[in-house]
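Colleague: I have a model open and would like to learn how to read it. Can you take me through it step by step?

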Amino acid sequence: MPHRLTMPEADLGRDSLTGLPGMAAATSWLERHEPGFIHAMLVGLHRLSSVNLAYGQAGGDVALAEIGRRIADFAVEELGPDALVARVGGGEFLIASSGSISRERWQWLAEALTRRISRALTVRGEVLHLVPRTALLRGVPDEAGAAIIDRLDQALGTAQQQVGRRILWADGSHRARGRSAARLEADLIGAMARDEIEIVFQPQYRVADGVLVGVEALARWNHAQLGRIGAETLFSIAERGDHVAQLSRHIARKALSLAKDWADLSLSLNVTAQDLASDSFASEFRELLDEIGFAPDRLTLEVTEHALVGDFGRSAAALALLASAGVRIALDDFGTGYANFRTLKALPLDTIKLDASMIRDVDSDPRDRAILTAIVAMAQALGLKIVCEGVERESQLAVLQAEGCDTFQGFLRSGPISAAGIAALL
């Protein structure tokens with residue numbers, strides 16, 4: 001899912017490393033929303049100095065850029081494109097929303113974001129895990145932006161000094177009152193049983209002529225008390241109770257059933273590390289396709305690099321079995337991790353999917369355009385298609401057309417929509 005930051009504050013300048021708004025833009029956003037309630041969190045990477053010492057400033061910059069991308073993508077998925085995401089210090093990121101959010105949901109969002117940030121990342125060939133500390137607050141009406149940031153900064157300092165404490169509210173509490181983790185896990189199991197997990201679809205268009213050619217399935221859960229819960233928080237809840245594989249199968253079954261009759265469209269589904277860890281994943285998925293009657297050549301399974309870290313050999317074998325049945329395999333978030341030529345050679349890939357960060361400045365930065373040119377040449381040499389995420393401007397699309405990219409998705413044409421919305425487009 002592409003991230004989209006189109007705030008007026010962007011004019012105040014962006015951080016050159018991550019492309020996110022900086023401190024001035026963050027303060028301006030908070031001041032603009034001062035009359036109402038604001039939920040905010042400050043994420044700190046307290047081990048970043050160790051990365052700089054071990055791998056140099058360049059190594060630390062690689063880690064920071066990747067973490068910034070993960071946070072930005074998470075914010076759009078869970079909070080929408082109008083949320084604030086900014087880099088406000090060396091290893092500190094601010095996320096804020098003026099939407100209607102319960103204290104309990106803000107807590108769960110922080111825990112889900114910790115899960116995403118903590119995924120494996122590679123610096124100079126070595127796999128690292130950076131686990132953040134996070135401070136949370138609910139700003140009161142008329143509280144100045146600088147005061148909000150100051151309260152968060154003090155709470156983050158306290159959290160970093162306490163062994164084992166990852167998340168701390170600025171009022172000193174550790175967890176929000178409300179549903180326990182066990183209760184929320186039970187809610188999730190019930191939601192699957194009652195078919196309350198919603199599937200929305202991100203349209204994908206052919207670059208050459210703008211024709212709708214595919215959709216990517218994304219999960220949402222409208223919880224009765226907590227409101228909308230996006231995919232990352234959904235899987236974070238499932239992971240606590242070891243229900244990830246069950247949730248993944250539930251989403252796949254529902255998405256395949258909904259998209260079965262869209263004969264002119266391909267369907268993309270995300271594959272988790274827990275899916276690939278199962279010895280029976282490939283055979284069970286083929287059985288699911290047969291049961292539903294979904295043509296394998298209409299399906300693309302998207303796998304991210306972090307999902308391959310656990311057991312690359314077993315993951316490659318499972319994907320090869322599915323590819324032999326006609327399923328297409330895409331490497332997601334290409335250009336943001338550690339994918340090398342071994343990865344491209346060992347996996348039965350049909351497609352590489354370029355992250356939004358690779359597309360953001362291709363219409364204005366000659367270096368980004370040159371990188372895109374090189375990636376397209378490599379993909380064409382390997383017989384791979386290219387899907388581009390995060391396309392927001394016609395000028396970006398014009399570059400993709402000139403370079404020969406295949407498919408794009410993004411807010412330029414559409415955000416995620418319901419199955420009924422896709423049917424209407426068709």
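Modeller: We go from the whole protein to single residues.

Modeller: This is a predicted model: local features need pLDDT of at least 70, side-chain atom pairs count only at pLDDT 80 or more, and totals for chains, interfaces and linings use all residues. Residues are numbered from 1 along each chain as its sequence is written, and side-chain values use heavy atoms, leaving out hydrogens and water.

Colleague: How many helices and strands does the protein have?

Modeller: Helices (H or I, at least four residues) and strands (E, at least two) are DSSP runs, numbered from the N terminus. Here there are 16 helices and 16 strands.

Colleague: What does the radius of gyration say about the protein?

Modeller: It is taken over C-alpha atoms, and the globule rule is 2.2 Å times the number of residues to the power 0.38. For 426 residues, a compact globule would come near 22 Å; the protein has 21 Å, which agrees. Along its principal axes the C-alpha trace spans about 55 × 50 × 45 Å.

Colleague: What share of the residues is buried?

Modeller: Buried means under 20% relative accessible area, exposed over 50%, and partly exposed in between (1.4 Å probe, protein chains only). Buried residues make up 54% of the 426.

Colleague: Which share of the contacts comes from residues 24 or more positions apart?

Modeller: A contact means heavy atoms within 4.5 Å. Among contacts with a separation of 6 or more, such residues account for 71%.

Colleague: Now a single residue. Is glutamine 396 buried or exposed?

Modeller: Glutamine 396 is buried, because its relative accessible area is 1%. It lies in helix α15, residues 394–403.

Colleague: What does the side chain of glutamine 396 reach?

Modeller: The side chain of glutamine 396 reaches the backbone nitrogen of glutamate 392 at 2.7 Å. Not counting residues up to four places away in sequence, glutamine 396 also touches Ile359, Arg360, Val362, Asp363, Gly390 and Val391.

Colleague: Where is glycine 390?

Modeller: Glycine 390 sits in the loop between β15 (385–388) and α15. Glycine 390 is buried, with a relative accessible area of 5%. Its C-alpha atom is 4.5 Å from that of glycine 410, 20 residues apart along the chain.

Colleague: And how does alanine 146 count?

Modeller: Alanine 146 counts as partly exposed, at 48% relative accessibility. Alanine 146 lies in helix α4, residues 145–161. The C-alpha atoms of alanine 146 and glutamate 31 are separated by 8.3 Å, though the two are 115 residues apart along the chain.

Technical notes:
A polar contact is a pair of N or O atoms within 3.5 Å; within protein, one must be able to donate a hydrogen and the other to accept it, and residues adjacent in sequence count only if both atoms are side-chain atoms.
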